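Me: I would like to go through one structure by question and answer, starting with its overall layout and then moving to single residues.

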Amino acid sequence: MYLGLDIGTSGVKAVLVSEAGAVVATATRELALSHPAPLWSEQDPDSWVDATIGAVDDLAARLPREIAQVAGIGLSGQMHGATLLDEDGKPLRPAILWNDGRSQAECAVLERRCPSLHAIAGNLAMPGFTAPKLLWIARHEPKIFERVAKVLLPKAYVRYRLTGEMVEDMSDAAGTLWLDVGQRRWSALLLHATGLDLHHMPRLVEGSAASAVLAPDYAQRWGMRKDVVVAGGAGDNAASAIGLGAIAPGDAFLSLGTSGVLFRVTDRFAPAPASAVHAFCHALPGLWHQMGVMLSAAASLAWLAGVMETPAAALLAPLGERVDAPSPIRFLPYLDGERTPHNDAAASGAFVGLRAATGRTQIVQAVLEGVAFAARDNLAALSAASGPISEVDLVGGGSRSPLWAQICADVLGIPVHRAEEGEVGAALGAARLGRLAATGESAAAVCTRPRRLASFTPRASVASAYDEAYRRWRALYPALKESL
């Protein structure tokens, strides 16, 4: 048995996977977000640990025999979160998360200080990344900055609490702006630009390598063996790729989670910062990946459901499984700013085209289409960087909706495939990495493709209408940027 732990933004998910590769059981615990000021997004690091322990407690109580057979644990996590620890390993403040936009000014400072940033880190300086957050801390909370002994990402903090070891994998480390992504090692030059040094960073390992052993107290608590290996793991999107078997150059998927990601595997470091495409290490040695990132994907639908005080499923039901024309309403899904292609933390969401006759279903459809249009922006950016993408697997909470899957196929103009276990892709990928670390098997043998549950192909009958709707939608951001 192998255990995958996904430290997400809205919750922690634990997945127990059998020797045959099947998901045996899952357990989840919700997490709370804090927004103490505009553009701010924070979480208590210890809440990740408490939720992780609670989720595994649940599995251990329900399936003690299976839990006792766990040989390897893998970790997946939300990327970029700045978890600042003092000399005693205690958090100095709430973690600043990936969707926090406060450090826009610090991004400009970082790029001035380090002209070679793009070549080394492979990415633009964006407020979501970790390094600008530390510059913000140095400027606005200098007493805390002086006490920083280690900076960990969310899953690395959970690993530390479960094992006593401070370790990070290459894929997650690539999202800090402190990693030499091509060489897969910390960059002293980039660290120096934020007032830090190599001793502030955790040890690096590949995602499929052993990073530590589960602490005896937790092994005893859960009835596990004493030598359970904890893998390096991966950032959430690289872990989802492992869960989908996306381990060959050209493999691609679209994630409709809280945020949205268009992900493609590459066999080399292929930065494309001019279009705000991310270039990171993959979770396996010798592989990298490119990503286009939307900050509000399924989060946009969740926001609408909250505003309308109606469950998302009830909002979607009246629309059925397909629509025959675009909504007359346009929605910009920039509720938390946007990364690809705009790199604009101050971008805001908007509905355009509202009339007295506008109904709820048109608004709901507009939200789904707005996210799909943003995904098309990402598709254009990645296609320009490294060639066309011919099809994608669909994962994340949004993958549950056949309607949304069909809209994505129609808007993107390529086949979209809903994959089995797509909703637990990151946790499944983490479990697979735990297995690789424990057994030394080949990635090709373990990271197989899941069964495709359904395929959605673009419909010629709506293609031209969606092309026109997308053209009009694209004009909204530059027009509204000047007026908001």
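This is a predicted model: local features need pLDDT of at least 70, side-chain atom pairs count only at pLDDT 80 or more; totals for chains, interfaces and linings use all residues.

Reply: Residues are numbered from 1 along each chain as its sequence is written, and side-chain values use heavy atoms, with hydrogens and water left out.

Me: What distance separates the centres of domain 1 and domain 2?
Reply: The protein chain is split into domain 1 (2-238) and domain 2 (245-482), with bounds that come from an automatic or database domain assignment. Taken over C-alpha atoms, the separation of the two centres is 24 Å.

Me: How many residues does each domain bring to the contact?
Reply: Contact here means heavy atoms within 4.5 Å. On that basis domain 1 supplies 59 residues and domain 2 supplies 45 residues.

Me: What share of the area buried between domain 1 and domain 2 comes from carbon and sulfur atoms?
Reply: Buried area is the accessible area (1.4 Å probe) that two parts lose on being put together, summed over both. Between domain 1 and domain 2 this area is about 3700 Å². The share given by carbon and sulfur atoms is 66%.

Me: Which residues form the salt bridge between domain 1 and domain 2?
Reply: A salt bridge requires a side-chain nitrogen of Lys or Arg within 4 Å of a carboxyl oxygen of Asp or Glu. The count between the two domains is one. With the closest N and O atoms 3.7 Å apart, the pair is R435 and E19.

Me: How many residue pairs are in polar contact between the domains?
Reply: A polar contact is a pair of N or O atoms within 3.5 Å; within protein, one must be able to donate a hydrogen and the other to accept it, and residues adjacent in sequence count only if both atoms are side-chain atoms. Between domain 1 and domain 2, with both residues at pLDDT 80 or more, the count is ten.

Me: Is R435 buried or exposed?
Reply: R435 also meets E441 in a salt bridge (2.7 Å, N to O). E441 counts as partly exposed because its relative accessibility is 30%, where buried means under 20% relative accessible area, exposed over 50%, and partly exposed in between (1.4 Å probe, protein chains only). R435 has a relative accessible area of 13%, so it is buried.

Me: Which residue makes a polar contact with the side chain of E42?
Reply: E42 lies in strand 4 (residues 42-43); strands (E, at least two residues) and helices (H or I, at least four) are DSSP runs, numbered from the N terminus. E42 is buried, with a relative accessible area of 6%. At 2.8 Å, the side chain that makes the polar contact is that of R102.

Me: Which residues are linked with R93 in a network of salt bridges?
Reply: R93 meets E42 in a salt bridge of 3.2 Å, N to O, a pair 51 residues apart that joins the loop between strand 6 and strand 7 to strand 4. R93 also meets E141 at 2.7 Å, N to O, and both R93 and E141 are buried. Besides R93, the network includes E42, D100, R102 and E141.

Me: Why is helix 15 largely enclosed by the rest of the structure?
Reply: Helix 15 spans residues 402-412, and its buried residues include W404, D410 and L412. The helix is largely enclosed because the buried residues number ten of the eleven.

Me: Which elements do the buried residues of helix 5 pack against?
Reply: In helix 5 (residues 130-140), eight of the eleven residues are buried, so the helix is largely enclosed by the rest of the structure. Among them are K133 and W136. The elements they pack against are strand 6 (83-85), strand 7 (95-96), helix 3 (104-113), helix 6 (142-146), strand 8 (150-152) and helix 9 (188-193).

Me: What is the length of the polar contact that joins the side chains of Y334 and H342?
Reply: Y334 lies in the loop between strand 20 (330-332) and strand 21 (350-352) and is buried, with a relative accessible area of 2%. Residues that Y334 touches include D377, W473 and Y477. Its side chain and that of H342 are joined by a polar contact of 3.2 Å.

Definitions and conventions: Lists of a residue's contacts leave out its neighbours within four places in sequence.
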